[in-house]
Amino acid sequence: MTQKEFDACSEKAAELQESGYNCCQSVVEALSGEIEMEEKEKEKEKEKEKEKEKEKEEIKVDKETLHKLASGFAVGMGNTEGTCGSLIGAIMIAGLKSGGKGAFRISRRINENFRARSGAITCKELKSKVDGKELCPCGDCVRNAVKAYFEVMSEFQK
């Protein structure tokens with residue numbers, strides 16, 4: 001993925017968040033191209049049967065299901081001010097992309113990368129005021145989650 005595509009994806013996440021998607025939904029939607037969607041699966045069903053044993057196991061899901069799955073993770077795990085929904089969305093897509101293989105290592109690295117970019121990982125801390133400004137506004141959180149995803153996944157796909 002080029003830097004331009006990388007930046008466009010993080011901006012798409014921010015635009016989705018500004019248009020009414022919650023933080024987790026914004027990241028999941030922006031990153032949904034990273035996993036093979038159900039429509040593509042139907043087209044390639046015969047071909048996949050032949051290649052199934054060669055491919056790593058990747059879960060297929062449609063965008064509507066992803067949107068519903070991500071719906072309860074806003075405002076820090078269902079409005080509890082816990083883990084940022086943007087971060088959760090990035091980790092959800094990473095789990096789907098990796099087929100669950102290496103999920104703990106990948107999740108830890110995405111967490112570390114997101115914290116370094118955003119200053120915290122919990123919604124309560126991210127929304128806390130520092131000199132009259134939020135530590136990290138939601139638009140920046142979704143951008144940072146997408147960037148963390150791409151950086152970490154590029155490390156693990158080498």
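This note walks through a predicted model of a single chain, point by point.

1. **Ground rules.** Residues are numbered from 1 along each chain as its sequence is written, and because this is a predicted model, local features need pLDDT of at least 70 and side-chain atom pairs count only at pLDDT 80 or more, while totals for chains, interfaces and linings use all residues. Side-chain values use heavy atoms, with hydrogens and water left out.

2. **The overall layout.** The chain has 10 helices and 2 strands; here helices (H or I, at least four residues) and strands (E, at least two) are DSSP runs, numbered from the N terminus. Reading from the N terminus, the order is α-α-α-α-α-α-α-α-α-β-β-α. Of the 158 residues in the chain, 42% are buried, where buried means under 20% relative accessible area, exposed means over 50%, and partly exposed lies in between (1.4 Å probe, protein chains only). Among the contacts in the chain with a separation of 6 or more, 69% come from residues 24 or more positions apart; a contact means heavy atoms within 4.5 Å.

3. **Helices α8 and α10.** Two packed helices are described by the angle between their axes and the distance between the axes. The axes of α8 and α10 come within 9 Å and cross at roughly 135 degrees. Axes are lines fitted to C-alpha atoms, for helices over the stretch in contact, and angles run from 0 to 180 degrees between N-to-C directions. The two helices are therefore oblique to each other, since angles under 35 degrees count as roughly parallel, over 145 as roughly antiparallel, 65 to 115 as roughly perpendicular and the rest as oblique. Their crossing is right-handed, a label used when the near helix is turned clockwise from the far one by less than a right angle, with left-handed for anticlockwise. Residues of α8 in this contact include Arg109, Phe114 and Arg117, and those of α10 include Ala148, Glu151 and Glu155.

4. **Two salt bridges across that pair.** Side chains of opposite charge can pair when their charged atoms come close. A salt bridge here is a side-chain nitrogen of Lys or Arg within 4 Å of a carboxyl oxygen of Asp or Glu, and the count comes to 7 salt bridges. In one of them, Arg109 pairs with Glu155, the closest N and O atoms being 2.9 Å apart. Arg109 lies in helix α8 (residues 103-118) and Glu155 in helix α10 (residues 138-156), so this pair ties together parts that are 46 residues apart in sequence. Both ends are partly exposed: Arg109 at 28% relative accessibility, and Glu155 at 36%. Another salt bridge joins Glu151 and Arg117, with the closest N and O atoms 2.4 Å apart. This pair also links distant parts of the chain, with Glu151 in helix α10 and Arg117 in helix α8, 34 residues apart. Glu151 is partly exposed at 33%, and Arg117 is partly exposed at 32%.

5. Arg143 and Asp140 form a salt bridge whose closest N and O atoms are 3.1 Å apart. Both residues lie in helix α10, 3 residues apart, about one turn of the helix. Salt bridges that share partners join Glu11, Asp140 and Arg143 into one network.

6. **Helices α2 and α5.** Helix α2 (residues 23-31) and helix α5 (residues 63-70) pack at about 155 degrees, with their axes 8 Å apart. They are therefore roughly antiparallel to each other, and the crossing is right-handed. Cys24, Gln25, Val28 and Glu29 of α2 make the contact with Lys63, Leu66, His67 and Ala70 of α5.

7. **Two backbone angles to look at.** Most residues other than glycine have a negative phi. Val75, although not a glycine, has a positive phi of about 50 degrees. Val75 sits in helix α6 (residues 74-77) and is partly exposed, at 39%. Asn79, also not a glycine, has a positive phi of about 65 degrees. Asn79 belongs to the loop between α6 and α7 (85-98) and counts as exposed, at 58% relative accessibility.
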